[in-house]
Amino acid sequence: MAALLGYLSTIRVAVSFFPLVAFLFTLPYLIHGYRKYGSVPLMRSLVVYSFILYIICVYFLVILPLPDHVDDGAGIRIQAEPFRFVRLFLENSGFVYGDKSTWIPAIKTVNFYTTVLNVIMFFPLGVYLHYYFRRGFFLTGFIGFVGSLFCEFTQITGVYGMFTPYRLFDVDDLIVNTFGALLGWLLSPLITFILPSRERIDEDAYLIGRNVTLMRRMMAFLIDFLILRIPVVIINEKLLGGGIVSFVITDSIICILYFSLMSYLSHGRSIGRFILGTRLATLSNHRVKLCQCFVRYIILCGFTTHIYQFIKLTDGTPLVFVFRGFVLLIAAETVINFFTSKKLFLYDRISGTYNINTIYREPEF
């Protein structure tokens, strides 16, 4: 019971660590999803993030609890006898196959439940590999073996030399962990039958991705916007001497020129749009004109993006009311677009342009 409580305590630590890993993983995950499928469906996210949580739990179960100090004098310990756990179980548990009264006491022994827990620890890996990653039986066994070997390597090196080895390298763990992964692969259909297939998840993602969502547009714009920070800062600080006025003007001009010229010369694409699989087109689905690009990005970059700075610079003048009204209009449209199927903003309608998806595949069902 004490050992089980220790495992649960370790899992709680892993769960508390999960938000940090999820935060670091989210941006590349979103970029990959939009780039490959055009969308990031909820079901895929649940599967992927649950897999990340599972990996964190396994890793923490391998390394925790850490020793109190670096040099504990334990030294490297290796158990190289295959199936030693079977011999120890038969010798120490009092298990007699023909005597049912020995069965319950036998499964309460340390040798039994630690072996079962090692099977359970790699069981979900087999399920994930079969259901989501669509790996075969033998490849699953190989991945399970390599994963188990990595865990044993972590233990035998004292977490890669950070500590003196404080855990046992056990060849039986390699056997049992690999068996757990294979068992998970075999039983995966019995566990995941209520979930949509990976193929269905992919097809739904392609269908959803046909419409460019507000989140996808914002991410593409953010990628481009961050790229432009480098030339904006260099020009403002090195050539213009810094200052909020010069920064706003420089930022606006560079953004307008970049987005307008890139969209026109690259058939509606920018770096951010290319990464996320979108393109700017006219409302009649033709190639955008240069004048349309300038109208769109004078509104979007010249006003919307720098609205706060413009308000500060024009505070106390009649223009401030115009800018504040523009802010309220864009904010209202953003809320409407987020919660409804409305796709066009004010700058879309005025410029006659909008974002279209460039990633598409015909459904297979």
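Reader: What does A14 touch, leaving out residues up to four places away in sequence?
Author: In this predicted model, A14 touches L53, I56, C57 and F60 once residues up to four places away are left out.

Reader: Where is A14 found?
Author: A14 is found in helix α1. The C-alpha atom of A14 is 8.7 Å from that of V58, a residue 44 places away along the chain.

Reader: Is A14 buried or exposed?
Author: Buried. A14 has a relative accessibility of 0%.

Reader: Now the chain as a whole. How many helices and strands?
Author: The chain has 16 helices and four strands.

Reader: And what share of the residues counts as buried?
Author: Of the 365 residues, 44% count as buried. As for contacts, take those between residues at least 6 apart in sequence: 72% of them join residues at least 24 apart.

Reader: What is the lining like by class?
Author: The lining of the largest pocket has 24 nonpolar residues, 10 polar and six charged.

Reader: Switching to rings. How many aromatic pairs are there?
Author: The count comes to 25 aromatic pairs. One of them is Y37 with Y206: the ring centres are 5.4 Å apart and the planes are at 65°, so this pair is edge-to-face.

Reader: Where do Y37 and Y206 lie?
Author: Y37 lies in the loop between α1 and α2, and Y206 lies in helix α9 (residues 198–209). The pair therefore ties together parts that are 169 residues apart in sequence.

Reader: Are they buried or exposed?
Author: Y37 is buried, at a relative accessible area of 3%. Y206 also counts as buried, with 10% relative accessibility.

Reader: What about F137 and W185?
Author: F137 and W185 form an edge-to-face aromatic pair, with 5.4 Å from centre to centre and 75° between the planes. F137 lies in helix α6 and W185 in helix α8, so this pair ties together parts that are 48 residues apart in sequence.

Reader: Which residues form one aromatic cluster?
Author: F51, Y54, Y128, Y132 and F133 form one.

Reader: What sits over the rings of F225 and Y264?
Author: R229 lies over the face of F225, 3.8 Å from the ring centre. Over the ring of Y264 sits the charged end of R287, at 5.0 Å from the centre.

Reader: Backbone now. Where is the cis peptide bond?
Author: A cis peptide bond joins L64 and P65, with omega at about -5°. P65 is in the loop between α2 and β1 (78–79). Most peptide bonds are trans.

Reader: Where do F83 and V159 lie?
Author: F83 lies in the loop between β1 and α3, and its relative accessible area of 47% makes F83 partly exposed. V159 lies in helix α7 (residues 158–161). V159 is buried, with a relative accessible area of 6%.

Reader: One more. What is Q292 in contact with, leaving aside its neighbours within four places?
Author: Q292 is in contact with T282, S351, G352 and T353. Q292 has its place in helix α13 (residues 290–304). At 16% relative accessibility, Q292 counts as buried.

Note on methods:
Residues numbered from 1 in each chain as written. Predicted model: local features only at pLDDT ≥ 70, side-chain atom pairs only at ≥ 80, totals over all residues. Heavy atoms only, no water. Nonpolar A, V, L, I, M, F, W, Y, C, P; charged D, E, K, R; others polar. Phe/Tyr/Trp six-rings, centres within 6.5 Å; stacked < 30°, edge-to-face > 60°. Helix = DSSP H or I, 4+ residues; strand = E, 2+ residues; numbered from the N terminus. Buried < 20%, exposed > 50% of the residue type's maximum accessible area, 1.4 Å probe, protein only. Lys NZ or Arg CZ within 6 Å of the ring centre and 35° of its normal. Contact = heavy atoms within 4.5 Å.
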